[in-house]
Amino acid sequence: MDSLQEFGSPSDTNSTASNINININSCSSSSTPSFPTPTLSRYENQKRRDWNTFGQYLRNHRPPLSLSRCSGAHVLEFLRYLDQFGKTKVHTQMCPFFGQPNPPAPCPCPLRQAWGSLDALIGRLRAAFEEHGGKPEANPFGARAVRLYLREVRDSQAKARGISYDKKKRKRPPQSATASLQALMPPTPPPPPPPSTTASQ
Ligand SMILES: [Zn+2]
């Protein structure tokens with residue numbers, strides 16, 4: 001039976017924890033445990049945090065949205081929502097620095113989430129969805145619309161920033177590509193963004 005676990009159900013965290021215990025036990029089955037506390041991999045930790053954050057987003061969603069009714073369109077909404085916390089300058093076509101990887105001066109172009117961050121995030125959420133009992137064919141993170149959106153973001157950011165994501169790694173790779181949602185977002189999500197996107201100046 002594949003029953004999709006909704007966020008906030010009391011069994012949610014427990015079952016996750018017991019799955020992890022099983023994995024841990026099978027690793028160190030015999031004799032004295034040589035390592036103190038077996039830790040989850042960084043990826044697993046990020047995946048759990050991202051999943052919880054997405055659950056929080058759904059709970060705060062107006063109108064309320066349950067995981068089982070979440071579609072690719074809602075995932076896109078979520079990705080656009082994250083852009084307000086972005087730290088990657090993406091030049092508009094009107095900006096004189098459009099297409100320049102290292103602009104010589106500041107400009108009022110918006111900050112967005114880097115494509116690499118979104119791509120990695122969607123990969124983790126997609127995996128988490130199925131680990132929580134979601135059917136692959138119903139996975140909103142694997143929706144065609146989401147794939148197309150990510151491709152569009154990649155291409156437009158590559159143009160705007162003068163960087164080819166396919167051939168070259170970005171100048172400052174460290175955290176952004178692997179950043180968890182926690183790094184992408186402040187601890188408490190601020191109210192929804194105002195309708196206008198034009199920044200001050
Ligand atoms: Zn600009």
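This is a predicted model: local features need pLDDT of at least 70, side-chain atom pairs count only at pLDDT 80 or more; totals for chains, interfaces and linings use all residues.
Which residues are exposed on the other side of α2?

Start with the helix itself. α2 runs over residues 42–60 and has 19 residues. From its first C-alpha to its last it reaches 27 Å, close to the 27 Å you'd expect at 1.5 Å a residue.

Now look at who is tucked away. In α2, Q46, K47, D50, W51, T53, F54 and Y57 are buried. These residues cover an arc of only 170° around the axis, which puts them on the same side of α2. There's a handy rule behind this kind of pattern: an α-helix has 3.6 residues a turn, so residues three or four places apart point the same way. And the opening question? On the other side of α2, the exposed residues are R59 and N60.

Next, find a neighbour of α2. Helix α4, residues 115–131, packs against α2 at an angle of about 80°, with the two axes 9 Å apart. That angle makes α2 roughly perpendicular to α4. On the α2 side, the contact is made by Q46, K47, D50, W51 and F54, while α4 brings in L121, R124, L125, A127 and A128. Sort the contact by class and you get six nonpolar, one polar and three charged residues.

Notes: Residues are numbered from 1 along each chain as its sequence is written. Helices (H or I, at least four residues) and strands (E, at least two) are DSSP runs, numbered from the N terminus. The expected span of a helix is 1.5 Å times one less than its number of residues. A residue is buried if 20 or more other C-beta atoms lie within 10 Å of its own, exposed if 12 or fewer, and partly exposed in between; C-beta atoms are placed from the backbone. The arc is that of the directions from the helix axis to the C-beta atoms. Axes are lines fitted to C-alpha atoms, for helices over the stretch in contact, and angles run from 0 to 180 degrees between N-to-C directions. Angles under 35 degrees count as roughly parallel, over 145 as roughly antiparallel, 65 to 115 as roughly perpendicular and the rest as oblique. Two residues are in contact if their C-beta atoms, placed from the backbone, lie within 7 Å. Ala, Val, Leu, Ile, Met, Phe, Trp, Tyr, Cys and Pro count as nonpolar, Asp, Glu, Lys and Arg as charged, and the others, Gly among them, as polar.
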